[in-house]
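I opened this two-chain entry to log its folds, its packing and its contact. My notes follow.

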Amino acid sequence: MAKIKGLEKVIANLNKEVLGVKKRSKKGLIKLGLEIKRRSQLKTPIEFGNLKASHYVAWKGSSTAPPAWKADTESPDKMVRLQREHNSVVNNAASNLKETQVRVGVSAFYAGIQHENLEFQHTVGEAKFMEKAIREITPNAAKIVAEDAKF
Amino acid sequence: MSKNNESAAIDIKDIITADTNPFTGEAQNIGKFAAKMGWGVFVAQEPESPDNTITIYDSPSSSLTVNPINKKGRYFESSSPIVQVRIRSTDYESAYAKAVEVQDAVANEGSYYTRKFKYSAFYVNNPPFHLGEDSNNRQLLVINITCHRTYILGQESGSPS
């Protein structure tokens, strides 16, 4: 009977490669997240720039510098709230996401209203900024992730 | 040129202003097109009055993706436009109830035919989302609906299969 030698080594090498693919896929997911964020920010309505600044990409263990918020002199409380909620949202994502998950989001408490109100007239930016960014990138999303995941 | 570049908002308007729901066959009274009293249904532009309005927009996020499928030598153009339905009322509870009524009227099993399209599915993407109040203290809620449709060459209008 023929005896196959080195099978354990092959399996060990395969497992090592699979782990490598997992790690590289995550890198690809982060790249994809950053691209969605970039595209969404380009379309975001701007008054003070805080909605744009509140975009984030988070993954397990991620840590990013806090955004440079612009002061709204008429409502200083708003800035305090933006700061507090941004930290909470991003830290929560970084500690609760699974290893294979990456989250793109906007932390500003008024983001939903700005995103969904099609009747708002903006001089800069537009409604549905995040949704449009995702739709734009969707045809190439798998390619972006796969580029890093290759053997 | 794509034949799929026509307003899905207008087709949704036809579904919700119909006296009979085209999927269930049940009588409905959600609103009347351009009505000046009661619940008025509008497309693309929300008027100042009446207070109770349902306005349907072709969502700007909706890409008119054309996916030609060669099936038995014929090409079918399909796309998934998104419409936003915006409900306005002086009273939050009425606005919310109307939003639910709209989503229940649209999100049904079966296909819906217009002269040019077969709508095979409608997905309500989110529960009613509160946009706040307008300058006249009227409550605003929105729902987003994804429609899957295929261009067809003339079939009976409005008939579910």
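Predicted model: local features only at pLDDT ≥ 70, side-chain atom pairs only at ≥ 80, totals over all residues.

Residues are numbered from 1 along each chain as its sequence is written, while chains are lettered from A and ligands numbered from 1 in the order in which they are written.

**Chain A, overall**

I read the elements of chain A from the N terminus and got α-α-β-α-β-α-α. That gives 5 helices and 2 strands.

Next I looked up the dimensions. The C-alpha trace of chain A spans about 85 × 30 × 20 Å along its principal axes.

For burial I used C-beta atoms placed from the backbone: a residue is buried if 20 or more others lie within 10 Å of its own, exposed if 12 or fewer, and partly exposed in between. In chain A, 25% of the 151 residues count as buried.

For contacts I required C-beta atoms, placed from the backbone, within 7 Å. Among contacts in chain A between residues at least 6 apart in sequence, 69% join residues at least 24 apart.

**Chain A, strands**

I checked β1(A), residues 55-59. Here 4 of the 5 residues are buried, so this strand is largely enclosed by the rest of the structure. β1(A) pairs with β2(A), residues 102-106, in the antiparallel sense over 5 bridges. Pairing requires that DSSP finds at least two bridges between the strands. I traced His55(A) to its bridge partner in β2(A), Val106(A).

**Chain B, overall**

Chain B comes to 2 helices and 11 strands. Along the sequence I read α-β-β-β-β-β-β-β-α-β-β-β-β. Of its 161 residues, 35% count as buried. Among contacts in chain B between residues at least 6 apart in sequence, 62% join residues at least 24 apart.

**Chain B, helix pair**

How do α1(B) and α2(B) pack? Helix α1(B), residues 8-17, meets helix α2(B), residues 92-106, at an angle of about 100°, with the axes 10 Å apart. That makes α1(B) roughly perpendicular to α2(B). The cut-offs: under 35 degrees is roughly parallel, over 145 roughly antiparallel, 65 to 115 roughly perpendicular, the rest oblique. Axes are lines fitted to C-alpha atoms, for helices over the stretch in contact, and angles run from 0 to 180 degrees between N-to-C directions.

I listed the residues that touch. Ile12(B), Ile15(B) and Ile16(B) of α1(B) meet Val102(B), Ala105(B) and Val106(B) of α2(B). By class, this contact has 6 nonpolar, no polar and no charged residues. Nonpolar here is Ala, Val, Leu, Ile, Met, Phe, Trp, Tyr, Cys and Pro; charged is Asp, Glu, Lys and Arg; the others, Gly among them, are polar.

**Chain B, two spot checks**

Ser79(B) lies in strand β6 (residues 78-79). Ser79(B) is buried, with 21 other C-beta atoms within 10 Å. From Ser79(B) to Arg149(B) I noted 70 residues in sequence and 5.7 Å in space, C-alpha to C-alpha.

Glu109(B) sits in the loop between α2 and β8 (112-113) of chain B. Glu109(B) is exposed, with 8 other C-beta atoms within 10 Å.

**Contact of A with B**

The contact takes 12 residues from chain A and 11 residues from chain B. On the side of chain A, α4 (111-116) and α5 (129-149) are the elements that give two or more residues. By class that side has 3 nonpolar, 2 polar and 7 charged residues.

How values were computed
Contact = placed C-beta atoms within 7 Å.
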